[in-house]
Amino acid sequence: MSCSLFNKVWSVLFAIVPTRVNAIFRPNGDLILAQVAEKENIPFILSGAANMTIEDVARHCDGEKWFQLYVVHLELAKQLIKRAPAAGYATLIITVDVAVNGYQERDIRNQFCLPLRYR
C-alpha cells in the first residue's frame, strides 16, 4: 500500500490533515498527531490555526512536516512562510477558502473565541 509523492515513499496514501485548536481535546494535541505521523511514516500537516507554534512542533518531531497557511493578514503570512522552512517544514499548503472568518452561530452561542478560554 506504499506510495510515492514528492519524490518520497510513504507507508500509505494518507496524511494527518490540518485540524485547528487540537488543544481543546488534548494538551499538546498537535504534537501528539505529528509524532503519530512520524511513527507511521506519513506526512503531518500543521494547521495555521494550531495551538502550538511551528517551531515547538518541529523541535519535538523529526517526521515529515507540512504547514497549512491561511492568508488572512499579509504580513503575518510572509512571516509564517519564512518560519516554516526554517523549522524544517518541507511543504507549504495554502488554503484559499477562508478570506475572512465565517459567521458561525454555534461559535457565538458557545462563546468560542481566541485565545481559548475554558468555561
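Trainee: In this predicted model, in which element is confidence highest, and in which is it lowest?

Mentor: The protein chain averages a pLDDT of 86, and 89% of the residues score at least 70. Within this predicted model, strand β1 (residues 3-5) has the lowest confidence, at a mean of 78. The highest value, 96, belongs to helix α2 (residues 54-59).

Trainee: What percentage of the contacts with a separation of 6 or more is accounted for by residues 24 or more positions apart?

Mentor: Of the 119 residues of the protein chain, 29% count as buried. Among contacts with a separation of 6 or more, the share from residues 24 or more positions apart is 55%.

Trainee: Which residues of the largest nonpolar core touch the most other members?

Mentor: In soluble globular proteins, nonpolar side chains tend to be buried together. Here the largest nonpolar core has 18 residues, and those touching the most other members are F44, L46, I54, V57, F67 and Y89. At least two residues of this core come from each of α1 (29-40), β3 (44-46), α2, β4 (65-70) and α3 (74-86). One of the residues with the most core partners is V57.

Trainee: Which residues does V57 touch, not counting residues up to four places away in sequence?

Mentor: The partners of V57 include F44, L46 and Y89, which are themselves among the core members touching the most others.

Trainee: Why is the pair formed by F67 and Y89 classed as edge-to-face?

Mentor: The structure holds two aromatic pairs. In the pair of F67 and Y89, the ring centres are 6.3 Å apart and the planes stand at 80 degrees. Planes over 60 degrees apart count as edge-to-face, so the 80 degrees between F67 and Y89 makes the pair edge-to-face.

Trainee: How many residues apart in sequence are the parts that this pair ties together?

Mentor: F67 is buried, as is Y89. F67 lies in strand β4, whereas Y89 lies in the loop between α3 and β5 (91-95), so the pair ties together parts whose separation in sequence is 22 residues.

Trainee: Which residue lies over the face of Y89?

Mentor: Over the face of Y89, at 5.9 Å from the ring centre, lies K65.

Trainee: Is N22 buried or exposed?

Mentor: N22 is found in the loop between β2 (8-10) and α1. Leaving aside neighbours within four places in sequence, N22 is in contact with G29, D30, L33 and N51, and its side chain makes a polar contact of 2.7 Å with the side chain of D30. The relative accessible area of N22 is 10%, and the cut-off is under 20%, so N22 is buried.

Trainee: What is the value of phi for N7, and what is the value for N41?

Mentor: Most residues other than glycine have a negative phi. N7, exposed at 80% relative accessibility, lies in the loop between β1 and β2. N41, partly exposed at 34%, is placed in the loop between α1 and β3. Both have a positive phi, N7 near 65 degrees and N41 near 55 degrees.

How values were computed: Residues are numbered from 1 along each chain as its sequence is written. Side-chain values use heavy atoms; hydrogens and water are left out. pLDDT is the predictor's confidence in each residue, from 0 to 100. Helices (H or I, at least four residues) and strands (E, at least two) are DSSP runs, numbered from the N terminus. A nonpolar core is a set of buried Ala, Val, Leu, Ile, Met, Phe, Trp, Tyr and Cys residues joined through side-chain atoms within 4.5 Å. Buried means under 20% relative accessible area, exposed over 50%, partly exposed in between (1.4 Å probe, protein chains only). Contact means heavy atoms within 4.5 Å. Rings of Phe, Tyr and Trp (its six-membered ring) pair if their centres lie within 6.5 Å; planes under 30 degrees apart count as stacked, over 60 as edge-to-face and the rest as tilted. A charge sits over a ring if NZ of Lys or CZ of Arg is within 6 Å of the ring centre and within 35 degrees of the ring normal. A polar contact is a pair of N or O atoms within 3.5 Å; within protein, one must be able to donate a hydrogen and the other to accept it, and residues adjacent in sequence count only if both atoms are side-chain atoms.
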